[in-house]
Amino acid sequence: YEQAANAGAAARLATQINVSVLARVGSACKKVSAFVADMLLYAGDDERKLHEEIVLSLLLAQVVAMTTLSPRLAKHLTTSRSPHAVAFSAWLVRRTMLDEPLVAATDAKELLGALAALAQQPNPPEGLLRLLDDLRTALAQGGAQ
């Protein structure tokens with residue numbers, strides 16, 4: 001995490017090396033995915049939790065699957081409702097389902113359900129209704145998976 005927090009090519013390279021190592025270990029031990037997903041949510045502070053570049057790298061390398069991450073994020077959203085977790089979850093859905101379709105909506109059903117529940121609350125988080133509308137439109141047009 002410390003390496004990823006520093007901007008620059010060296011930090012990105014270090015992140016990619018670490019993700020590659022985790023991918024290799026994960027291919028031998030299937031418990032790595034669940035362990036890494038838990039670490040993403042239960043790290044010491046919000047800045048270390050749910051780091052966008054790291055999570056996206058882990059998803060792309062298939063170290064963590066959205067089917068593993070989605071229920072954990074959904075539970076985290078419903079229990080903590082931290083603004084950082086909500087913003088991260090909205091970013092993740094937009095990035096992986098709309099901007100660069102990497103995962104199917106069915107793989108993130110728990111996360112989408114938690115975001116939909118937050119959208120039904122009085123004063124939903126800014127941008128959440130727009131995200132869900134964009135996703136509905138994309139799904140209806142066959143753009144998102």
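Gln 62 counts as exposed, with a relative accessibility of 71% (exposed means over 50% relative accessible area, buried under 20% and partly exposed in between, with a 1.4 Å probe and protein chains only). This residue lies in the loop that connects α4 (52-60) to α5 (66-80) (helices are DSSP runs of H or I with at least four residues, strands runs of E with at least two, numbered from the N terminus). The backbone at Gln 62 has a positive phi of about 60 degrees, although Gln 62 is not a glycine.

The model is predicted: local features need pLDDT of at least 70 and side-chain atom pairs pLDDT 80 or more, whereas totals for chains, interfaces and linings use all residues. Residues are numbered from 1 along each chain as its sequence is written, and side-chain values use heavy atoms, without hydrogens and water.

Asn 123 is a further non-glycine residue with a positive phi, here about 55 degrees. The loop that holds Asn 123 runs between α7 (109-120) and α8 (128-141). At a relative accessibility of 75%, Asn 123 counts as exposed.

The overall architecture can now be set out. The chain contains eight helices and zero strands, so that its order of elements from the N terminus reads α-α-α-α-α-α-α-α. Of its 145 residues, 39% count as buried. Among the contacts (heavy atoms within 4.5 Å) between residues at least 6 apart in sequence, 65% join residues at least 24 apart.

How do α6 and α7 lie relative to each other? Their axes, which are lines fitted to C-alpha atoms over the stretch in contact, come within 11 Å and cross at roughly 125 degrees. The two helices are therefore oblique to each other (angles run from 0 to 180 degrees between N-to-C directions; those under 35 count as roughly parallel, over 145 as roughly antiparallel, 65 to 115 as roughly perpendicular and the rest as oblique). From α6, the contact is made by Val 86, Ser 89, Leu 92, Val 93 and Met 97; from α7, Leu 111, Leu 112, Leu 115 and Leu 118 take part.

Ser 89 belongs to helix α6 and, at 0% relative accessibility, counts as buried. Leaving aside residues up to four places away in sequence, Ser 89 touches Leu 111 and Leu 115 as well as Leu 73 and Leu 77.

Helix α6 also carries an aromatic pair, and a search of the whole structure finds one such pair. The ring centres of Phe 88 and Trp 91 are 5.7 Å apart and their planes stand at 40 degrees, so the pair is tilted (rings of Phe, Tyr and Trp, the last by its six-membered ring, pair if their centres lie within 6.5 Å; planes under 30 degrees apart are stacked, over 60 edge-to-face and the rest tilted). Because Phe 88 and Trp 91 are three residues apart in α6 (residues 83-99), about one helical turn separates them. Phe 88 counts as buried, at 2% relative accessibility.

Finally, Tyr 42 is found in helix α3 (residues 31-42). Is Tyr 42 buried, exposed or partly exposed? At 49% relative accessibility, Tyr 42 counts as partly exposed. Although Tyr 42 and His 76 are 34 residues apart along the chain, their C-alpha atoms are separated by 9.3 Å.
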